[in-house]
Amino acid sequence: MGSGNVEQIFDRVGHFGRYQMFIYLTCAFQNISCGIHYLASVFMIVLPKHACSPPGNVSRVILHNSSMWRLDDIWNLFTNYEDHIVVQLQNGEVWELKRCSRFRRDDKSSFDYDYNGHKSGFACFDGYIYDKTKWDSTVVTQWDLVCNREWYAKLIQPVFMVGVLLGALVFGYLSDRVGRRLVLWSTSLGMYLFGIGAAFTLDYYSFMLARFLLAIVASGYLVVVFVYVTEFTGMNVRTWASIQIHSFFAIGTMVVALTGYFVRTWWIYQLILSTVTVPFVFFCWMLPETPFWLLSEGRHEEAQTVVDTMAKWNKAGTCKLSEFLSLDPVKKPSQFQGQNPSALFYNWNIGTRTLIVWLIWFTGCLGFYSFSFNSVNLGGNEYLNLFLMGAVEIPAYIFVCLGMNCMGRRLVLFLSLITSAVFCGVVMVIPQNQHVWRVVATMAGKFAIGSVFGLIYLYTAELYPTVVRTRAMGSGSMVSRAGSIVAPISLYFSSIWIFIPQLLVGILCFVSGLLTLKLPETRGKPLVNTWEEATKQDEQEGSS
């Protein structure tokens, strides 16, 4: 069915009536859960101050010139990683406790902080003691992911993003084969089950497995939901509907910050965050399959039923799809068009378009998560910082909606990428002790990259025909997850040079911004359904 005929259907039954609004709000609410699970690890893998645990009960403690009776009282004074704690056990032994080692003094009578006598070194066989000022327990403290096991903690977010990458690929493919609705149902149920399961895991490896599976299904939902709402809304409101669904992802980020502030035990924190999926699980059975997909599969009667229901809810006159099918018959996509990954390289122009779109996806995701993950390292209140990183996305998406109607998709994307590159440079020149200004500059960068992250979903959906639209979204999301894998790793390299993340994001944003100018503009144009229509986008751009 031609794109013009599709828009005529929406003209009759409504572009965004009560039926589409119910579908939209139901799906958008579940997007909160995606935002939650993507950012939840920010507080679960917090590395608190720690030291080797003493081999017995402590009677006295010394740190520098301060003496106290309990180990829990020393953490405010434990400011340097080179510091050590001197403790006297009830059996009279004197021990020096460091972050990753401990020493027993041979002279039991020496209970001064400085000691030049002989002492014997021991590994931390009795575990570690942790500063519980901010968190009662984290994944790090649960399984002692410190010292020579610290890299286990650093793997948690990259492995999650590997799962996101796999989910984008698998469920993007499945939604084209079995339909959008079944994927939305299965991934949402999986988010609930694996989210709850992660809270009750008994060891590190089962936790990683639960989180990996959670990432796969969350990514699958996130990829398919944008195609789903796009195919249910007419051209008049498609921009607003597709972009503003990201605001619910941002709300998920804010929910993480608020939950982290009030709940300081990691498994309770994970359990509470996972319950956000429950309302959607109860309502998702009411979601229909999209008429677009049903028609592409030749299931005309089912598509007609959905259109009739849409018209009834919207109190609009229905339309007979047979009228449009007789003018422009639906052909089931060929093996090449629908299933072969090389379809995204249909010809030279489409192949170039795909590579540029992939680079923008990668850059947007890298910048998005670099700004978010790094917010807890900017100084000040880390919960407030993360909350602001989520809150600033909402006006960014409003700006995108307004800007695209005035300037078009391509120009807004170009300006957002270049602006993000500029503020990466600004963050690099602000002194480290200026916490407020660093947060403000980071928020500005997150505003710009949030605009990119929100717009690229809609732009990709508009650049490709129906037969591979979900595949294009899935492949773009898959490529972007490489960026989300690199994001936490780049933050680890900040120990070498603190501005490596900003430099990397800034360079990629600048290059991607320039390449964006080679893409065709899609403002005010109906969704394309065939490769011929997609190819004409470049021809029309060249002749304009």
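Student: What volume does the largest cavity have in this predicted model?

Tutor: The largest cavity has a volume of about 90 Å³. A search of the whole structure turns up 2 cavities of 30 Å³ or more.

Student: Which residues line the largest cavity?

Tutor: Read a lining as a list of residues, then ask which elements supply them. Here the lining consists of Gly-367, Ser-370, Phe-371, Asn-374, Cys-424, Val-427, Thr-442, Pro-501, Gln-502 and Val-505. At least two residues each come from helix H15 (348-374), helix H18 (409-429) and helix H21 (500-516). H15 gives the most, with 4 residues.

Student: How many residues of that lining are nonpolar, polar or charged?

Tutor: The lining of the largest cavity has 5 nonpolar and 5 polar residues, and no charged ones.

Student: Now the aromatic rings. How many aromatic pairs does the count come to?

Tutor: Rings pair if their centres lie within 6.5 Å. By this rule the count comes to 32 aromatic pairs.

Student: Take Tyr-221 and Phe-280. Why is the pair called edge-to-face?

Tutor: Check the distance between centres, then the angle between planes. An angle over 60 degrees counts as edge-to-face. The ring centres of Tyr-221 and Phe-280 are 5.7 Å apart and the planes stand at 85 degrees, so this pair is edge-to-face. The pair links distant parts of the chain, 59 residues apart. Tyr-221 lies in helix H7 (residues 204-232) and Phe-280 in helix H10 (residues 278-283).

Student: Are Tyr-221 and Phe-280 buried or exposed?

Tutor: Both Tyr-221 and Phe-280 are buried. Now try Phe-399 and Phe-447. Their ring centres are 5.9 Å apart and their planes are at 40 degrees, so the pair is tilted. This pair also links distant parts of the chain: Phe-399 in helix H17 (residues 393-407) and Phe-447 in helix H19 (residues 435-463), 48 residues apart.

Student: Which residues do ring pairs link into a cluster?

Tutor: Follow the pairs from ring to ring. Tyr-38, Phe-160, Phe-249, Phe-368, Tyr-369, Phe-373 and Phe-453 are joined this way into a cluster.

Student: Which residue lies over the face of Phe-368?

Tutor: Look for a side-chain charge above a ring. Lys-446 lies over the face of Phe-368, 4.4 Å from the ring centre. Likewise, the charged end of Arg-149 sits over the ring of Tyr-152, at 4.8 Å from its centre.

Definitions and conventions. Residues numbered from 1 in each chain as written. Predicted model: local features only at pLDDT ≥ 70, side-chain atom pairs only at ≥ 80, totals over all residues. Heavy atoms only, no water. Phe/Tyr/Trp six-rings, centres within 6.5 Å; stacked < 30°, edge-to-face > 60°. Buried < 20%, exposed > 50% of the residue type's maximum accessible area, 1.4 Å probe, protein only. Lys NZ or Arg CZ within 6 Å of the ring centre and 35° of its normal. 1 Å grid on protein atoms, 1.4 Å probe; cavity = no way out; pocket = protein on both sides within 12 Å on 5 of 7 lines; lining within 4 Å. Points joined across faces, edges and corners; volume = space filled by probe spheres on them. Nonpolar A, V, L, I, M, F, W, Y, C, P; charged D, E, K, R; others polar.
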